[in-house]
Amino acid sequence: SYTTDTKSREENKKTLESLYSLSVDITKIRRLKEWVLLQDVAYVKEIAGILQEMGADETTVANIIERCPEAILHTPAEINSQRALWQLVCQNEKQLIKLIEQFPESFFTTEYHQNQKANILFFQELGLKNNIITRFLTSAPNIFYNPVEKNKNVIETLHRNYLNLGGSEANMKIWILKLLSQNPFILLNTSTAIQENLEFLQKNDFTDQEVLQLLSKLKGFIFQLNSTTMQESMLFSKNVFKCSDQELKQLVLKCPALLYYSVPVLEERLEGLLKQGISIAQIKETPMVLELTTQIVQYRIKKLSALGYDIKCGNLESLNGTKKDFEVAYGKIQSKKERPIFNPVAPLHIEE
């Protein structure tokens with residue numbers, strides 16, 4: 001509804017004066033979205049007033065407008081509706097204004113108001129906690145732009161498949177809520193894509209139980225893949241590790257990254273490991289190391305080498321895991337190295 005044609009248009013003087021009075025850095029707006037300043041109608045004072053009512057000080061108001069200038073083009077009625085909507089899941093206005101300051105674009109996208117409202121109510125009915133829904137509103141706002149029926153279809157597909165794969169009705173809700181909270185972007189997929197990916201795994205001889213295991217391990221990311229890329233990645237791994245179909249299946253269950261990452265990514269990570277003197281046999285023994293970027297692997301090897309630990313001789317378990325996992329493993333190797341070779345509590349035998 002706003003024109004972005006900036007030719008032969010002048011900045012709206014009334015808008016500029018209102019922004020100056022709020023100590024907004026107009027040069028930032030010119031650099032980011034100058035077209036906002038060219039619009040005939042803007043609601044600078046009104047939007048600032050609503051934000052102040054919610055508890056925002058002058059600096060916060062200026063910061064929000066600088067980061068999301070189009071906020072001033074929305075009518076007060078639109079923003080008040082959005083405020084009421086987000087209050088359904090926010091503890092109080094203090095939390096709400098903090099979220100608006102951090103994620104102004106999510107809050108000021110008002111075109112999908114009805115869909116947003118229907119989806120918030122649907123997620124609450126589903127059993128998602130309000131703090132999870134606010135996380136979705138800010139980090140995955142586009143899932144709220146879908147008509148609620150689309151999101152319901154995806155959830156129903158997940159529900160049906162979970163039961164078909166041998167999951168129990170009693171655990172189903174917990175499983176779906178966990179999957180959603182780990183990866184809300186599942187909802188951007190079509191029900192057909194979800195169905196096709198599950199069928200691909202079954203055609204590749206993964207048992208129902210194994211498919212469920214993979215879904216949980218992959219945190220739903222499997223639904224963002226397609227059968228072609230999964231097939232290519234599996235074929236690549238099979239050739240690299242020179243293994244049978246059964247062995248490949250076990251490797252994928254151990255390390256779903258072999259299914260999830262594309263061939264170029266796997267190639268790059270493999271090459272990075274081989275350059276460090278690590279063998280294919282070691283990687284096959286601990287494939288989870290391919291979940292790490294080349295930079296992380298290099299950093300960890302360097303730290304372990306400084307302790308005199310030769311990664312080429314041992315297994316790769318000490319490289320694995322999250323940052324926290326690595327620090328624990330590193331700490332154990334370090335304390336082992338520093339441990340005195342004599343028993344400090346044993347009596348000393350000194351010749352008299």
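I count Lys and Arg as positive and Asp and Glu as negative, leaving out His and the chain ends. I place each charge at NZ of Lys, CZ of Arg, CG of Asp or CD of Glu. I looked up the charges of the chain on that basis: the mean positions of the 41 positive and 42 negative ones lie 4 Å apart.

The model is predicted, so I note that local features need pLDDT of at least 70 and side-chain atom pairs pLDDT 80 or more, while totals for chains, interfaces and linings use all residues. Residues are numbered from 1 along each chain as its sequence is written, and side-chain values use heavy atoms, without hydrogens and water.

Next I looked up the fold. I found 20 helices and zero strands (DSSP runs numbered from the N terminus, H or I of at least four residues for helices, E of at least two for strands). The radius of gyration is 28 Å, well over the 20 Å of the globule rule for 352 residues, so the chain is more spread out than a compact globule. That radius is taken over C-alpha atoms, and the rule is 2.2 Å times the number of residues to the power 0.38. The C-alpha atoms fill a box of roughly 90 × 65 × 45 Å along the principal axes.

Then I checked burial, meaning under 20% relative accessible area with a 1.4 Å probe, protein chains only. Buried residues are 44% of the 352.

Last, I looked up N183. It sits in the loop between α11 (169-182) and α12 (191-203). N183 is buried, at 1% relative accessible area. Beyond neighbours within four places in sequence, N183 contacts K219, G220, F221 and Q224 (heavy atoms within 4.5 Å).

Key. Buried means under 20% relative accessible area, exposed over 50%, partly exposed in between (1.4 Å probe, protein chains only).
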